[in-house]
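Please have the sequence and the 3D view open as you read.

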Amino acid sequence: MAKLKQMNKFKITLILLLVATVTFAQQSPRKQATGTIAGANVEVDYGAPSVRDRAIWGGLVPYAKVWRAGANENTTISFDKDVTIDGHKVPAGKYGFFIIPNEDAAWDVIFSKKNDAWGSNGYSADNDLFRTKAKVKFDDERVEQMGFKVAEKAIVFAWEKARLKIPVK
């Protein structure tokens with residue numbers, strides 16, 4: 001009888017755990033993009049939101065405002081060796097990554113010395129390692145879930161119809 005009660009408690013616990021998992025599953029899962037550029041190991045860690053029939057640029061992500069380039073926790077980019085981005089020397093380390101999308105101009109790309117902010121709320125220009133401009137391209141094909149890719153000579157961002165390439169040496 002005691003074993004039966006214990007087994008029933010165990011089953012109820014499993015059911016509750018399953019319900020909680022389904023209920024609280026992240027809609028913007030944490031993802032990583034990894035690769036090697038110029039001999040440096042590169043990792044981009046980000047929350048990957050989906051479009052879900054929303055207006056992204058100028059809507060969910062306003063123009064001319066700092067955006068965390070992802071969802072939930074801060075997006076970070078790590079290098080295990082020094083690299084150069086748009087003429088800026090970037091020492092090996094982990095950096096917060098932000099974007100300022102602009103409606104009719106190149107987008108601002110920000111590497112922050114502070115890598116543990118919670119989204120854009122924790123952003124401060126005082127922590128900028130550097131800012132640079134990147135030309136955004138809009139493609140006809142829509143990317144549903146935001147993503148980064150570490151390519152041979154660049155970090156590539158794609159979401160909705162926007163594509164951004166950040167050359168790394």
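## Charged pairs

K133 is exposed, with a relative accessible area of 54%. Here buried means under 20% relative accessible area, exposed means over 50%, and partly exposed covers the range in between (1.4 Å probe, protein chains only). Before we go further, please note that this is a predicted model, in which local features need pLDDT of at least 70 and side-chain atom pairs count only at pLDDT 80 or more, while totals for chains, interfaces and linings use all residues. Residues are numbered from 1 along each chain as its sequence is written, and side-chain values use heavy atoms, with hydrogens and water left out.

The partner of K133 is D108: they form a salt bridge whose closest N and O atoms are 2.8 Å apart. A salt bridge here is a side-chain nitrogen of Lys or Arg within 4 Å of a carboxyl oxygen of Asp or Glu. D108 lies in strand β7 (residues 107–112) and K133 in strand β8, so this pair ties together parts that are 25 residues apart in sequence. Helices (H or I, at least four residues) and strands (E, at least two) are DSSP runs, numbered from the N terminus. In contrast to exposed K133, D108 is buried, at 12% relative accessible area.

The whole structure holds six salt bridges. Another one links D45 and R30, again with 2.8 Å between the closest N and O atoms. Because D45 sits in strand β2 and R30 in strand β1, this pair ties together parts 15 residues apart in sequence. D45 counts as buried at 16% relative accessibility, and R30 is partly exposed at 25%. R131 and D128 also meet through their side chains, at 2.9 Å from N to O. Of these two, R131 is partly exposed with a relative accessible area of 36%, whereas D128 is buried at 15%.

Now for the overall layout. Six strands make an open sheet in the order β1-β2-β3-β6-β7-β8, with antiparallel pairing. Its edge strands are β1 (30–37) and β8 (128–134), each pairing on one side only. From one strand to the next, the twist averages 25 degrees; the axes behind it are lines fitted to C-alpha atoms (for helices over the stretch in contact), with angles from 0 to 180 degrees between N-to-C directions. Two strands count as paired if DSSP finds at least two bridges between them.

| Strand pair | Bridges | Sense |
|---|---|---|
| β1 and β2 | eight bridges | antiparallel |
| β2 (residues 40–47) and β3 (residues 76–79) | four bridges | antiparallel |
| β3 and β6 | four bridges | antiparallel |
| β6 and β7 | five bridges | antiparallel |
| β9 (residues 136–150) and β10 | eight bridges | antiparallel |

V44 is a handy landmark: A33 has V44 as its bridge partner in β2, and V44 in turn has I77 as its partner in β3. Further along, F79 stands opposite G93 in β6, and F98 stands opposite I110 in β7.

Which strands form hairpins? β1 and β2 do, with two residues between them, and A38 in that turn has a positive phi of about 50 degrees. β6 and β7 form a hairpin with six residues between them, and β9 and β10 form one with three.

## Core and surface

Strand β6 (residues 93–100) is mostly covered, with six of its eight residues buried. In the chain of 169 residues, 40% are buried.

The largest nonpolar core has 37 residues, and F79, F148 and I155 have the most contacts inside it. Strand β10 (residues 154–167) supplies the largest share of this core, six residues. Such a core is a set of buried Ala, Val, Leu, Ile, Met, Phe, Trp, Tyr and Cys residues joined through side-chain atoms within 4.5 Å.

Leaving out residues up to four places away in sequence, F79 touches several residues, among them V42, I85, Y95, F111 and I155. Contact means heavy atoms within 4.5 Å. Among contacts between residues at least 6 apart in sequence, 55% join residues at least 24 apart.

Finally, the accessible surface of the chain comes to about 10,000 Å², with 54% belonging to carbon and sulfur atoms. Accessible areas come from the Shrake-Rupley method with a 1.4 Å probe, and for residues only the protein chains shown count as cover.
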